[in-house]
Amino acid sequence: MAFFGPRPEELKDILLIPEEERKIILSVKPGLLDLATLHFIRENDMRENYLAISRLKTKLQILYIIQKRNWLLNLKILCKALLKLLKK
């Protein structure tokens, strides 16, 4: 597992993702922080609209992968995650 990359999902959640998107997400090493993690940092609060939120998480994970996962993007994600955690 890497520090930056899409968070690993449960198998039941992975199977809901369309195959083409699933291949993109599974093509990289899973990690602790990515764009979806920032957006849903309080994941326990999201169970009501699970399917809609799951779709958005997938899009954010793919966006992170497509953006080439460079060190500057990773630094931005880390800073934003720390700020969000310190605010709450």
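**Charged pairs up close**

Reply: Happy to! Arg55 is partly exposed, with a relative accessible area of 33% (buried means under 20%, exposed over 50%, partly exposed in between; 1.4 Å probe, protein chains only). This is a predicted model, where local features need pLDDT of at least 70, side-chain atom pairs count only at pLDDT 80 or more, and totals for chains, interfaces and linings use all residues. Residues are numbered from 1 along each chain as its sequence is written, and side-chain values use heavy atoms, without hydrogens or water.

Arg55 meets Glu21 in a salt bridge, 2.5 Å from N to O (a Lys or Arg side-chain nitrogen within 4 Å of an Asp or Glu carboxyl oxygen). Glu21 itself counts as buried, at 16% relative accessibility.

Helix α2 (residues 19–26) also holds Glu19 and Lys23, 4 residues apart and so separated by about one helical turn. Their side chains form a salt bridge at 3.6 Å, N to O, and Lys23 is exposed, with a relative accessible area of 55%.

Elsewhere, Asp13 pairs with Lys12, their closest N and O atoms being 3.4 Å apart. Asp13 is buried, at 7% relative accessible area. The count comes to 4 salt bridges.

Methods
Helices (H or I, at least four residues) and strands (E, at least two) are DSSP runs, numbered from the N terminus.
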